2 protein chains.
Amino acid sequence: MLVRDVGEARLIELLSEVVDVEATDQPDAHRFPLRLGIGDDAAAWQGPATTMVATADALVEGVHFHLDRIDWPDLGWKALAVNLSDVAAMGCMPLYSTVTLGLRGDLPVDGIEAMYRGMAEISREFGGRVVGGDVVRSATMFIGVAMYGAAMPREGNGDTPNEPLLTRTAAAAGDVIAVTGSFGCSAGGLYSLATKLAKRPGNEATAHLVEAHNRPVPRVSAGIQLARRGVKTAIDISDGLVADLGKLCKASGVSAVVDADDLPVDDHLRQAFPDRWLPLALAGGEDYELLFTAAPALMAELHQALDVRTTTIGEVAEGPPQVTVLDENGAPIDVEHLRWDHFADDA
Amino acid sequence: MLVRDVGEARLIELLSEVVDVEATDQPDAHRFPLRLGIGDDAAAWQGPATTMVATADALVEGVHFHLDRIDWPDLGWKALAVNLSDVAAMGCMPLYSTVTLGLRGDLPVDGIEAMYRGMAEISREFGGRVVGGDVVRSATMFIGVAMYGAAMPREGNGDTPNEPLLTRTAAAAGDVIAVTGSFGCSAGGLYSLATKLAKRPGNEATAHLVEAHNRPVPRVSAGIQLARRGVKTAIDISDGLVADLGKLCKASGVSAVVDADDLPVDDHLRQAFPDRWLPLALAGGEDYELLFTAAPALMAELHQALDVRTTTIGEVAEGPPQVTVLDENGAPIDVEHLRWDHFADDA
């Protein structure tokens with residue numbers, strides 16, 4: 001059955017059933033109970049006095065995804081994951097989402113339903129339950145997600161009027177730079193999908209990279225822990241390590257030096273791309289790891305305390321906003337040509 | 001200058017400058033001060049304990065708008081208006097919005113900036129300030145807006161844990177049905193634009209209808225007043241009076257009878273469409289007026305108290321969800337063929 005056969009009202013009913021899952025098991029989620037879900041002019045929830053955050057991110061067919069390279073459930077997972085990652089990068093707990101679907105009439109209804117199952121799945125694990133949205137007709141399919149989250153009080157501090165946020169503006173000279181997880185797998189997966197490498201059966205490394213690209217894991221718990229433990233600065237890596245660290249430097253008015261040798265890079269990536277893993281890790285994007293900075297003493301604590309792998313990769317210095325990447329001999333690597341722009345290839 | 005020439009980062013900078021307007025003058029807006037606007041992973045504001053609402057609505061090129069039929073500032077105005085209307089239909093105060101722009105590279109940057117000026121203009125008047133979002137490349141242009149609002153305490157009641165909301169589910173047999181403003185002008189404007197009637201100079205009636213279509217006025221103040229004065233049920237009319245009243249009946253499990261003779265219809269519409277004004281008023285859609293129900297005594301009070309014109313058009317009755325429209329002789333008008341669906345003409 002196709003989208004144009006069921007009509008808007010019935011499609012929304014079907015999708016409502018799919019997303020009407022139990023609220024997440026995240027601690028504190030019960031503090032913001034849902035009053036109204038899908039089916040009215042807006043969704044509504046009851047919140048205590050706190051700082052709220054809102055973010056929006058869209059995936060567009062032909063730009064961010066191709067339907068022959070990603071399964072429907074993974075597409076739904078990813079559409080929420082990129083927003084969960086933004087909320088995580090603020091140090092906040094994801095609460096609720098609205099989803100705007102731009103659909104062609106010739107899309108299969110069961111595919112759209114499967115996509116919503118992927119959304120429900122990631123919501124159960126990480127939060128950000130879908131509570132409303134809009135379905136519109138569009139010649140180009142898109143999935144627009146807006147997500148709301150709440151800042152959490154500092155540990156042992158009780159509720160405070162200004163709960164901590166992880167911003168891009170608070171990096172200071174002398175801070176250490178660290179990241180969660182590893183880099184480049186998502187870009188390796190994208191490259192494998194685009195070049196049909198991923199179609200070769202039995203290639204475990206490639207399968208790992210494709211999964212990293214299609215089903216990224218948002219660092220929700222890590223983000224909340226960072227904020228609670230006194231970290232002030234973080235950003236999630238969506239456009240690539242060098243590009244996003246550059247944004248952070250610009251927002252904070254500092255420079256950064258990264259040791260390429262210290263970059264956490266997965267063995268699957270080195271194996272699949274023995275000659276290209278470093279540029280993929282530096283500029284690849286869409287890994288949705290967190291990059292954060294902290295004074296050395298706090299950073300030492302964090303490496304012990306966090307329930308996810310963290311790695312120090314460089315330091316913040318004074319000077320004009322600029323990212324320097326050093327190779328194993330301490331010589332700067334040319335990173336300028338690694339940057340890219342969403343509109344650059346749209347001639 | 002075109003979108004593809006400036007790149008994503010600079011475009012976002014330009015748009016940030018445009019929307020960085022003073023917060024709205026709506027009463028109580030200072031209770032939810034903005035902590036972070038555009039430029040971080042998410043926007044953030046400080047809220048007191050209250051019920052929050054979230055809604056999302058997108059406009060898609062070729063479906064909801066044509067760039068040769070609407071000015072850029074009006075397009076920005078309308079993209080926020082349709083969301084402000086949803087928040088109004090919940091009886092809530094609009095606070096903040098995120099905007100996701102899907103752009104073709106060949107669109108003019110000054111047009112996009114003008115669109116954001118239209119957003120800033122309606123925000124100053126009605127709330128819903130733009131504080132973040134996403135800019136993505138898309139072969140089909142779209143403007144996705146997600147808006148957050150807050151329920152307001154009842155008059156004289158102080159803050160209560162459950163501020164009143166206007167839902168679709170609380171209409172009861174015996175309620176009177178009323179609407180704000182008038183109906184059909186927007187559809188008349190759409191028809192005039194599509195048939196080039198609007199191009200004929202000096203036609204004041206048509207100009208009025210086009211303005212109603214391109215620059216709808218959300219009933220924000222009326223919605224808040226309705227909720228504060230004890231109304232329980234409202235919906236905004238986006239898909240047409242009969243269709244949206246039908247949704248309300250379905251959600252509440254009631255039926256409705258409307259007297260076509262009582263429908264408030266603007267003289268400009270009667271003048272421009274002497275033979276078609278009634279179907280346009282009944283099924284036209286996009287007027288963004290509020291429809292609400294209340295017991296007769298409360299309704300009498302409301303007609304006096306609201307600062308916008310309100311008109312009683314019918315009543316709620318028991319029985320299966322169904323909308324009956326009676327003509328001047330009390331005979332039912334066939335309304336079934338008036339309905340339409342977003343995907344129906346997408347073959």
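Author: Of the 347 residues in chain A, 56% are buried in this predicted model. The fold around them has ten helices and 13 strands. The radius of gyration of chain A is 21 Å, close to the 20 Å that the globule rule gives for 347 residues, so chain A is as compact as a globular protein of that length. Along the principal axes, the C-alpha atoms of chain A fill a box of roughly 60 × 55 × 40 Å. Among the contacts in chain A with a separation of 6 or more, 85% join residues 24 or more positions apart.

The part to look at is helix α6 of chain A, residues 220-228. Which of its residues are buried? They are A:V220, A:A222, A:G223, A:I224, A:L226 and A:A227. An α-helix has 3.6 residues a turn, so residues three or four places apart point the same way. After the helix comes A:G230, with a positive phi near 100°.

Two of those neighbours, β8 and β10, belong together. Strand β8 of chain A covers residues 233-236, and β10 of chain A covers residues 290-294. The two strands pair in the antiparallel sense over four bridges. In one of the pairings, A:T233 has A:T293 as its bridge partner in β10(A). Which way do the residues of β8(A) point? A:T233 and A:I235 point one way, A:A234 and A:D236 point the other way, and all of them are buried.

Chain A is split into domain 1 (3-41 + 49-151) and domain 2 (176-333). Between their centres, taken over C-alpha atoms, lie 26 Å. Their contact takes 17 residues from domain 1 and 18 residues from domain 2. On the side of domain 1 that touches domain 2, α2 (72-88) and β4 (92-103) each supply at least two residues. Helix α2(A) gives the largest share of that side, nine residues. By class, this side of domain 1 has ten nonpolar, three polar and four charged residues.

Beyond chain A there is the contact with chain B, which takes 62 residues from chain A and 62 residues from chain B. On the side of chain A, strand β3 (residues 50-60) provides the largest share, ten residues. The residues of that side divide into 30 nonpolar, 19 polar and 13 charged. Strand β3(A) also pairs across the contact: β3(A) and strand β2 (residues 43-47) of chain B run in the antiparallel sense over five bridges. One of the residues involved is A:T51, whose bridge partner in β2(B) is B:Q46.

Last, the confidence. Chain A averages a pLDDT of 89, and 92% of the residues score at least 70. Over residues 340-347 of chain A the pLDDT is below 50, and this stretch has 15 contacts in the model beyond near neighbours in sequence. For the model as a whole, the scores are ipTM 0.90 and pTM 0.92.

How values were computed
Residues are numbered from 1 along each chain as its sequence is written. Chains are lettered from A and ligands numbered from 1 in the order in which they are written. This is a predicted model: local features need pLDDT of at least 70, side-chain atom pairs count only at pLDDT 80 or more; totals for chains, interfaces and linings use all residues. Two residues are in contact if their C-beta atoms, placed from the backbone, lie within 7 Å. Ala, Val, Leu, Ile, Met, Phe, Trp, Tyr, Cys and Pro count as nonpolar, Asp, Glu, Lys and Arg as charged, and the others, Gly among them, as polar. Two strands pair if DSSP finds at least two bridges between them. The radius of gyration is taken over C-alpha atoms; the globule rule is 2.2 Å times the number of residues to the power 0.38. A residue is buried if 20 or more other C-beta atoms lie within 10 Å of its own, exposed if 12 or fewer, and partly exposed in between; C-beta atoms are placed from the backbone. pLDDT is the predictor's confidence in each residue, from 0 to 100. Domain bounds come from an automatic or database domain assignment.
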